Amino acid sequence: MLKLMKYELRKTWSTKAILLAVTAIVEIAYLIGLYADKEGTMSVSVLLLILLAFGGVMVIGLESILTLHRDMNTRQSYMLFMTPNSCYKILGAKILECGVSILLTGAFFFALGVLDITLLFAKEGQLSRLWETVQQFLSHFSVNGRALDISVRTMSAVAFVLLTAWISLISTAYLADVISAALLNGKKHNGFVSFLLFILLSYVTNRAAGLITASIHDSYTLMMVYGLIDLAFAAVMYVVTAMIMERKLSV
Amino acid sequence: MLESREVTKVFGAKTAVDHVTMKLEKGHVYAMLGPNGSGKTTWMKMAAGLIKPTSGEVLYQGQPVSIASRNEVAYMSTEPYFYTWMTVRDVGKYYQDFFADFSMDRYQALLRRMDLTEELKTKALSSGMMAKLKIAVTMARDARVYMLDEPFNGIDLLARDEIRAAVLEYATSDKLLLLSSHLVEEMEAIADRAVFLLEGRLVENVDLETMRMERGISMADRYRQIYGHTEG
Amino acid sequence: MQFDSTRPIWLQVMRELEISIVTGERGPGEKLPGGRDLALAYSINPNTAVRVYQELERAGLCETRRGLGTFVTSDTQRITALRSEFAHQTVHDFLQQLQRLGVTREQAAQMILKEE
């Protein structure tokens, strides 16, 4: 399993390296802005870092989906499917590598955020206009009609629900891609079909999650439960995807 | 060792393999012959577990082909399939990671015989070099069954001699080798049995020396007899 | 070695070995290559190589000693008999050719004596 994960990482590491490099550059820009008292640079850097955090996680997920698609629909499929590994292991390794990458990236940006804020407080000793800018930005988002507050508790719940939502989305995409590959057997445009299936499945799972959580009003609980539901859906979809791969996939 | 029972594969409207029933025994080198589209590749992929039959089954050592049989059945496809970001060395390491019977020493020896260096990137390989790499990495495994799909395609004369020699070295009494190729004459002396497929069906499974003695024809002659009037 | 693929290969390799024995290239009692080495040397299937030695042994031209290998027979009479067989066959073929060309045996004998 670890070996499979090692190769999944190698397939995607260049994207991750670029993400890391760009983040490093922006972080340096932030630090320059902070210590050279250039609020403009700082603000832009912070916004860019937030964009990189969300964008980075999205890109990792997207790349994972594309890699699966390529691994099933091109000749490179032989590399995976001729090895004595069950589809459960192959798929599991992909999901784990992607999941771990996403969680690590999320944690990394979270830690970076904490570091940057600490440095800011250490230097300024007070809430600066920058912090207000960020607050303004985040106040545009709300959960179930209630505005977000900036407590650590809420922030981590938000992070949790966003990450699990993304993981669930990726599992949905995996399932859609495998179904369409199994049905169409590598014919052209199966990417289009898999996208349609993806939309359909996402809609269904979202409705189901919405129904289950309809009675919860506390935003924190709501987010945690939603996150857990997403993880449960992701697990079920993993099993179904692996089952379909095992029985029906011809490469 | 490898048994095909009424194996059929249908792709939409096309029947690629049509109720093929045959037994391939260890200790022999089989030539699998037939024109493009006769079902050779599809059959091999089913024996390798890459494709599931529409009906029928392929048995390895009496058991249906499974994930476990991939440990002992080595398949080499006609097309290149290595990850493009890999070097020749990476390909070897990949096989070493997943196949217990892979020997890095044997791999390196085969690379030398084929004039390939480990630093080469797979995406920089010419089609001839790619063909040689596929053979090297497949034969570096100590499998019980080797299925080579078009092993001589795109390969120069000297390398073909090397491949023939390697095939003969591996043709021991406990192994089964199955070679499919258009280059019928290349295999006349090294194969001792031949399987002929036509439009997905098995035409014949013969012992070559017996055929030569009884009918006074070569494998190439038999090929022309079977496929001659269906072409052109 | 180039084979005639329409005739059994074991027969052709056997013939090659017979000739080498008869010409003395391989002396009586000399060790022959192992089955697998023979296969590699002639680029033939190992099962074919096995057949070669089986038939050669049946013809009394070699013997397999367990664990030691296969050896040319030490029976010089057998080898002489084979040489004689080949010689007769060569003469027979030669005479057939002559007949086709319309040359008489007396004319042929003359040509043989004059030939360098």
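**Notes on the predicted model**

1. Chains A and C have no contact, and their closest C-alpha atoms are 28 Å apart. Keep in mind that this is a predicted model, where local features need pLDDT of at least 70, side-chain atom pairs count only at pLDDT 80 or more, and totals for chains, interfaces and linings use all residues. Residues are numbered from 1 along each chain as its sequence is written, chains are lettered from A in the order in which they are written, and side-chain values use heavy atoms, with hydrogens and water left out.

2. Chain C has an open, antiparallel sheet of 3 strands, ordered E1-E3-E2. Its edge strands are E1 (31-32) and E2 (62-65), each pairing on one side only. Strands are DSSP runs of E, at least two residues, and helices are runs of H or I, at least four, numbered from the N terminus; strands pair if DSSP finds at least two bridges between them.

3. E1(C) pairs with E3(C) (residues 69-72) over 2 bridges, and C:Leu32 has C:Thr70 as its bridge partner.

4. Over in chain B, helix H3 (residues 104-113) packs on helix H5 (residues 157-170) at about 150°, axes 11 Å apart. The axes are lines fitted to C-alpha atoms over the stretch in contact, and angles run from 0 to 180 degrees between N-to-C directions. H3(B) and H5(B) are therefore roughly antiparallel, the term for angles over 145 degrees. The residues involved include B:Leu110 of H3(B) and B:Ala165 of H5(B).

Methods
Contact means heavy atoms within 4.5 Å. Angles under 35 degrees count as roughly parallel, over 145 as roughly antiparallel, 65 to 115 as roughly perpendicular and the rest as oblique.
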